[in-house]
Amino acid sequence: MTLVFLLLLIAILALILFLIKKWSNGPLNSNKKDLTGKLIIITGSSDGIGLVAAKDLLNSNAKVIFACRNKTKTEEKINELPENLRKNAIFIQLDLQKFKSIENFVKEIKSKYPKIDILINNAGMSSSFLNKTEDGYLNTYQVNYLSNVLLTLLLLEHFNENESKIINLSSVLYKSSKLTYGDSKLLNNYDLMEKHYKKEANPLDDYSDSKLLLVYFTQYLADYCEKKCPYLKVVCLHPGVIFTKIFNMEKLYLKIIFSIIKPILYCFTKDVVHGAQTTLFLSYSDNKDLVNGGYYNNLKLEKYVLKGKDEKLKNELVNETLNILKSKYNELEKLPLLSN
């Protein structure tokens, strides 16, 4: 009798965990259409949700640019695709830790392709160490935000004028950002930024801040596009909490903590297939069905929290970002952004 009771208890527990996992995964996108003739750029598409999205879009006959840092790894992933998909999968190297790599990527895109239909700024990183890039910025800040802004702006006049979109992968963690008025001084000063984050106890503070900055840029650019290029929609999304390599922590104590809790958290997180679904939903959606500057989660529009709607802070931070990039790239001066 005790054995039967134990087996019943295990079965009930297994069912509960199964239902929790199913709920955590969220819905699958059913909004699909033929994408023949569409050119889509996906950064960080050699792994994780970027690779899942790339495969799905290739299956819908889109041409997909795999914009990734690691040539060998990406080409291996492309070569694993069925032949009918492989012909539309193109690798072009892009390292978001280097502005020069972004410049070279943009030049190649413009020289080979007359237009872009969708840009998916998917690549991101998280690190428990503060490192400086060769351009002089905090690695998390540059990869998750500043390089996305630069890439987007350098390509801004190369989008299809019939209908096109920019999809930025943010995170629900934008809500926990502590950025406030006056923090624009951090954006162009690695030493100040390093000092700022070393005082913070949470190892994900730099990640959260970078995602709030991306939310602000999404709204800012969406306002600009409403006036200057209405054919272009700009949206952002939370893909869900997914245990991809982005959360591989280098510090030993963090590795130990995550290794202990990972089996438990597995039931409360999404797998990579479900993590790609909101990206796919937005990619397949017609522009008329999307809210410009909107934030999407689980295939639905979600309201911004108060932090995400702070116009004054948004303008302060994004204007400083634009000033940083304009000082480095003269061609950005011709873009009549809202700050002018």
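Modeller: What follows goes through the sheet, then the helices, then the rings. Keep in mind that this is a predicted model.

Start with the overall layout. The sheet is open and has 8 strands. Their order is β3-β2-β1-β4-β5-β6-β7-β8, and the pairing is mixed. β3 and β8 (300-302) stand at the edges. Each of these two has a single partner strand, so one side of each lacks a neighbour in the sheet. On average, neighbouring strands are turned by 25° against each other, direction ignored.

Move along to β4 and β5. Strand β4 spans residues 118-121. It is joined to β5 by 4 bridges, again in a parallel run. Here L119 stands opposite I166 of β5. As a general point, side chains in a regular strand alternate between the two faces of the sheet.

Two helices deserve attention. Helix α2 (residues 48-59) lies across β1 (39-43), β2, β3, β4 and β5. Its direction is about 165° to β2. Helix α5 (residues 99-112) lies across β1, β2 and β3. It runs at about 140° to β3.

Next, the rings. The whole structure holds 8 aromatic pairs. One of them joins Y174 and Y295. The ring centres are 5.3 Å apart and the planes meet at 70°. Edge-to-face requires over 60 degrees, so this pair is edge-to-face. The pair ties distant parts of the chain together, as its residues are 121 apart. Y174 sits in the loop between β5 (164-169) and α7 (190-198). Y295 belongs to strand β7 (residues 295-297). Why does Y174 count as buried? Its relative accessibility is 0%, and buried means under 20%. Y295 also has 0% relative accessibility, so it counts as buried.

F99, Y137, Y141, Y145 and Y329 are linked by ring pairs into a cluster. There is a charge contact too. The charged end of K312 sits over the ring of Y181, 4.8 Å from the ring centre.

Notes
Residues are numbered from 1 along each chain as its sequence is written. This is a predicted model: local features need pLDDT of at least 70, side-chain atom pairs count only at pLDDT 80 or more; totals for chains, interfaces and linings use all residues. Side-chain values use heavy atoms; hydrogens and water are left out. Rings of Phe, Tyr and Trp (its six-membered ring) pair if their centres lie within 6.5 Å; planes under 30 degrees apart count as stacked, over 60 as edge-to-face and the rest as tilted. Buried means under 20% relative accessible area, exposed over 50%, partly exposed in between (1.4 Å probe, protein chains only). A charge sits over a ring if NZ of Lys or CZ of Arg is within 6 Å of the ring centre and within 35 degrees of the ring normal. Two strands pair if DSSP finds at least two bridges between them. Axes are lines fitted to C-alpha atoms, for helices over the stretch in contact, and angles run from 0 to 180 degrees between N-to-C directions. Contact means heavy atoms within 4.5 Å.
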